[in-house]
Amino acid sequence: MSQARPLNAEGTAEGPLVTVVMCVYNAGSYFRPSLLSIIDQTYRNLDILIIDDGSTDGCFSSVQDLLADERVRVIHQANSGKPVAVNRALDRIRGEFYAIQDADDISYPTRIQKQVRALLNNPHLAAVFCGNELIIDGRFMAPVFAPKSEDDCQSVIRAFQMPALDPTGMFRMSLVGDMRFEPSLKVAETCDYIWRIGEVHPMIVLGECLYAYRILPNSLTRRAPTWRKQFEVAAFRRACERRGLRFEAECEDSGHRSHNSVLDNNIAAHFMRSVLDWRRSNRRLSALRTGWQCACLHPADPHYYKALVYALISPSTVRRLRRTFLATPLETAK
């Protein structure tokens, strides 16, 4: 592995090599801007490894000029699912660190630079995550950007929750290089992977929004909530077995969920978190705008007005409400 060297103030020093893994399956018109967001990172010492998981929509024809970048590698395979594709990439990592980029999302220009700096400054960390916002119908909204310390991340891992959105992670290969994704989990595979890392290694979340996550209304995980649920339960069962806990499926999600929130994997929880982050930053107008955007997703569903209520009432009242009604873990699925 390359020798770690500190970045200068502009982030232009070479620094350690970072492999960015992109698994692509029929990413359509979103693929080009997603790949561009990695190619244009301020941190330049990148190895960009693309796994084409049997795409049939011609999305690679839109990026032929970008594939000429000497940092880009492409591996084509028959469609096998994301866990298999990521594992194939992990067997071919060249970097000291690696990051995941979903093929329809956007990384902001300084994402890699800031995550590398955090890993260099904290050599005991296995992973560094960051905040993210959502892309819905082409609009960027609902940023979450509260930092989480090592203790915070350990607490949420113990509670079977995620410290941050999974594709925002950057990982240290010397600590996680022998770990792989569970192929049987067609959904929740990254949740299972990050739980396993967090059970044995420290991680943090940077207090910045550096990633935009695209919500796709017609994705399989949103169209088939029962299918999705079986894999989420399987990941929870695996975690209970590792931790020596009794598995009880009914404890995994005890909240009352509206039909719409089941279909969209409780995206409203993300908006609530965004509102709380805005309020902590004394940006009440931004909190109100985010709450209103959530309400507009399903104007007839009271569940989607909770973020707006959080924006309107006092933070102390919000804290009391959240203690009374257990918060639902954030699981925003495409």
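Reader: Where does Arg196 sit?

Author: Arg196 is in helix α6, residues 189–198. Keep in mind that this is a predicted model.

Reader: Why is Arg196 called buried?

Author: Its relative accessible area is 14%, and buried means under 20%. So 14% puts Arg196 in the buried class.

Reader: What makes the approach of Arg196 to the backbone oxygen of Arg180 a polar contact?

Author: A polar atom of the Arg196 side chain lies 2.7 Å from that oxygen, and the cut-off is within 3.5 Å. Arg196 also touches Met179, Phe181, Glu182, Arg238 and Arg242, among others, leaving aside residues up to four places away in sequence.

Reader: How do you know that helix α8 has about the expected span?

Author: Helix α8 covers residues 225–243, which is 19 residues. From first C-alpha to last it reaches 27 Å, close to the 27 Å expected at 1.5 Å a residue. Buried residues in α8 include Phe231, Val233, Phe236 and Cys240. Just after α8, Gly244 has a positive phi of about 70 degrees.

Reader: What makes β1 and β4 a strand pair?

Author: Four bridges join β1 (residues 18–24) to β4, and a pair needs at least two. These strands run parallel, with Val21 opposite Ile100.

Reader: Which way do the β4 side chains point?

Author: Phe97 and Ala99 point one way, Tyr98 and Ile100 the other, and all are buried.

How values were computed: Residues are numbered from 1 along each chain as its sequence is written. This is a predicted model: local features need pLDDT of at least 70, side-chain atom pairs count only at pLDDT 80 or more; totals for chains, interfaces and linings use all residues. Side-chain values use heavy atoms; hydrogens and water are left out. Buried means under 20% relative accessible area, exposed over 50%, partly exposed in between (1.4 Å probe, protein chains only). Helices (H or I, at least four residues) and strands (E, at least two) are DSSP runs, numbered from the N terminus. A polar contact is a pair of N or O atoms within 3.5 Å; within protein, one must be able to donate a hydrogen and the other to accept it, and residues adjacent in sequence count only if both atoms are side-chain atoms. Contact means heavy atoms within 4.5 Å. The expected span of a helix is 1.5 Å times one less than its number of residues.
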